[in-house]
Amino acid sequence: QPNQANFVASYAEGVRQTWMADELGMRLGRRAAPPIDVSQRMWFNPGLQSRYFLVPGAIAIVMTMIGTLLTALVVAREWERGTMEALLATPMRMTEFILSKVLPYFLLGMVSMALCTVIAVTAFGLPFHGSIFALFAIAAAFLLPALGLGLFISATTRNQFVASQVALLASFLPT
């Protein structure tokens with residue numbers, strides 16, 4: 001492996017020469033400059049203002065709570081009221097049933113995200129740089145799994161209290 005040996009010998013020679021230069025500098029009374037200068041810089045929040053971290057996080061929590069908690073109560077409410085059997089007896093297809101339970105909360109989540117964003121920009125002075133379309137697309141991609149989780153919890157528990165507790169554990173704590 002002569003090629004690898006040449007690489008190792010070159011690295012070792014470089015280390016030796018660096019050490020010799022540092023020693024010569026120390027003998028002459030000069031301090032050697034560190035080879036790497038590490039300095040921290042905050043790119044997106046140079047002032048380290050907490051509202052730049054907390055307000056977007058609060059928007060995510062609001063969207064998660066609307067998506068998971070409210071959707072978790074939907075089907076469980078039907079089971080508790082005894083209206084699920086009547087709904088199942090109608091000629092409604094399952095996709096129509098699921099859309100009727102999910103679509104209102106999807107729209108509510110998107111409206112709440114838009115309202116929270118407007119409040120964040122106007123009341124808290126957060127800058128908004130980027131595309132509104134991208135914000136809504138990413139918010140929709142974030143909200144759909146939350147709605148699915150809430151619907152899954154609601155369908156498996158059949159009790160509103162249990163559904164709300166499971167939804168809080170499954171969504172709020174990780175968020």
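The structure on screen is a predicted model.

**Stop 1: helix H6.** Select residues 132-157, which form helix H6. The helix has 26 residues. From its first C-alpha to its last it reaches 37 Å, close to the 38 Å expected at 1.5 Å a residue.

**Stop 2: the two ends.** Select Ser-131 and Phe-133. Ser-131 caps the N-terminal end of H6, with a side-chain oxygen 3.2 Å from the backbone nitrogen of Phe-133. Then move to Arg-158, the residue that follows H6. The phi of Arg-158 is positive, near 65°.

**Stop 3: the largest pocket.** Select Pro-56, Leu-126, Pro-127, Phe-128 and Leu-135, the lining residues that lie nearest the centre of the largest pocket. In total, 21 residues line this pocket. H2, H5 and H6 are the elements that each give two or more residues to the lining. The largest share, six residues, comes from H2. The volume of the pocket is about 650 Å³.

**Stop 4: the lining by class.** Colour the lining residues by class. How many are nonpolar, polar and charged? The lining of the largest pocket has 17 nonpolar and four polar residues, and no charged ones.

Methods: Residues numbered from 1 in each chain as written. Predicted model: local features only at pLDDT ≥ 70, side-chain atom pairs only at ≥ 80, totals over all residues. Heavy atoms only, no water. Helix = DSSP H or I, 4+ residues; strand = E, 2+ residues; numbered from the N terminus. Expected span 1.5 Å × (residues − 1). Polar contact = N/O pair within 3.5 Å; in protein donor to acceptor, adjacent residues only side chain to side chain. 1 Å grid on protein atoms, 1.4 Å probe; cavity = no way out; pocket = protein on both sides within 12 Å on 5 of 7 lines; lining within 4 Å. Points joined across faces, edges and corners; volume = space filled by probe spheres on them. Nonpolar A, V, L, I, M, F, W, Y, C, P; charged D, E, K, R; others polar.
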